[in-house]
Amino acid sequence: MRKTARLLTVAPVIASLVCASAVTAHAATASASASPLAPGWRIAATFPAGSTVDNLAVSGPGSAWAVESCSKPCKNADGVILRHWNGKAWSAQPQPALSKHTGNDEPQLATAPGSKDVWAVYNIYDGEIRASAAEWTGNSWGAATLFPAGVGFTSVVAAGPSDVWAFGSAYDGAQYAARFDGKAWSKAPQPGSGAGVWVASARSADDIWAQSLATTGLSLAVSRWNGKRWVKQAVPAAPKGADGATGLAIAVSGRSGVWGYGYFGLGASSHTDWLVHFNGTSWSTVRNPYALSPNIMSGPLGPDAHGGAWIEATPAKGESEWLYHVSAAGHWLKLPIPAPKGARGTTIEGFAAIPGSTSVYAYGEATTHSGQTEGVILKYGS
């Protein structure tokens, strides 16, 4: 299932408009010059008709986990298949034993670089919203941890084998964060004040980034965990004329780069994509020099492992998505998305850098000429 709605939905106004003079000038060069990366997206894996790949967690070139959703009948599955890449092939793996949180509920996956462990976090338990988390320790799933009734998570990141964070909300709408410290899960400090849930991306145990919407002023709320506490970031204000916001994403890339994304409504039928960049020292707004569709939401956003970022978007005069790359220096590149043989197009659900390499995965689904979908994983680099 597509995680991000493709048609424009303008969110309610969450704050008064911010004067354009408050927008920080972008330091990166927003030109459509050649990227330092060599073009090279290719199909790395495809799955049976009726499937999609909705989540991917990668710990290195020889280990990755994917969530494949599929329409019945599915071999060895009830609507969800967990697949593991061992460096040679993708194989189906069992879900955690706690049957009440499996079924058609798709887990979010998280793993740390170089780790054999992976976490599967579900949001439905016994038909109700109640998150649970189970750890694969290399051979089997451990006992699941149940969170309070009404708690659901929208973002899970592993900063290390013994340091996992989950961000979401409770029944009453209050934000909720939890952390695994190597022994047990416990409620964790919030990244800060945000309007809505937080999404997160981790580089290490003392370098975790979280993003929400600002509670005052139309902007993004971004905080960094430095190993001891959350530190609020000085992110630029929203573009001039924005009157509502949705579509959040954040990604760490390279040694110090961070990319944040917002999707801002401009009246009832148009929008502007808003990309912000942290270069290790300061934040800036980065403009995409390519004209994009005024009514189709861009995204997802992901890292390129070189300090830059990838984003899927639809051109102003087109209906099919393309991949746009921006380097750490601000150079842009536009590339078509490969489709498997017999498919008319591919839609990307997300990106995942491959630790220990300079390569990146993209995942999602291809649509065949008959209208069916088939799960697909793409790879950029060797």
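I looked up R179 and found it partly exposed, with a relative accessible area of 25% (buried is under 20%, exposed over 50%, partly exposed in between; 1.4 Å probe, protein chains only). I noted that this is a predicted model, where local features need pLDDT of at least 70 and side-chain atom pairs pLDDT 80 or more, while totals for chains, interfaces and linings use all residues. Residues are numbered from 1 along each chain as its sequence is written, and side-chain values use heavy atoms, without hydrogens and water.

I checked the partner of R179. It is D163, in a salt bridge with the closest N and O atoms 2.9 Å apart (side-chain nitrogen of Lys or Arg within 4 Å of a carboxyl oxygen of Asp or Glu). D163 sits in strand β11 and R179 in strand β12, so the pair ties together parts 16 residues apart in sequence (strands are DSSP E runs of at least two residues, numbered from the N terminus). D163 is buried at 7%.

I then took D207 and R224. Their side chains meet at 3.0 Å, N to O. D207 is in β15 and R224 in β16, 17 residues apart. D207 is buried at 10%; R224 is partly exposed at 29%. R203 joins D207 and R224 in a network of salt bridges.

I also logged K116 with D117, at 3.8 Å. K116 is exposed at 56%, whereas D117 is buried at 14%. The salt bridge count is 5.

Last, I traced an open sheet of 4 strands, β1-β28-β27-β26, with antiparallel pairing (two strands pair if DSSP finds at least two bridges between them). β1 and β26 each have a single partner strand, so one side of each lacks a neighbour in the sheet. I found 9 bridges joining β26 to β27.
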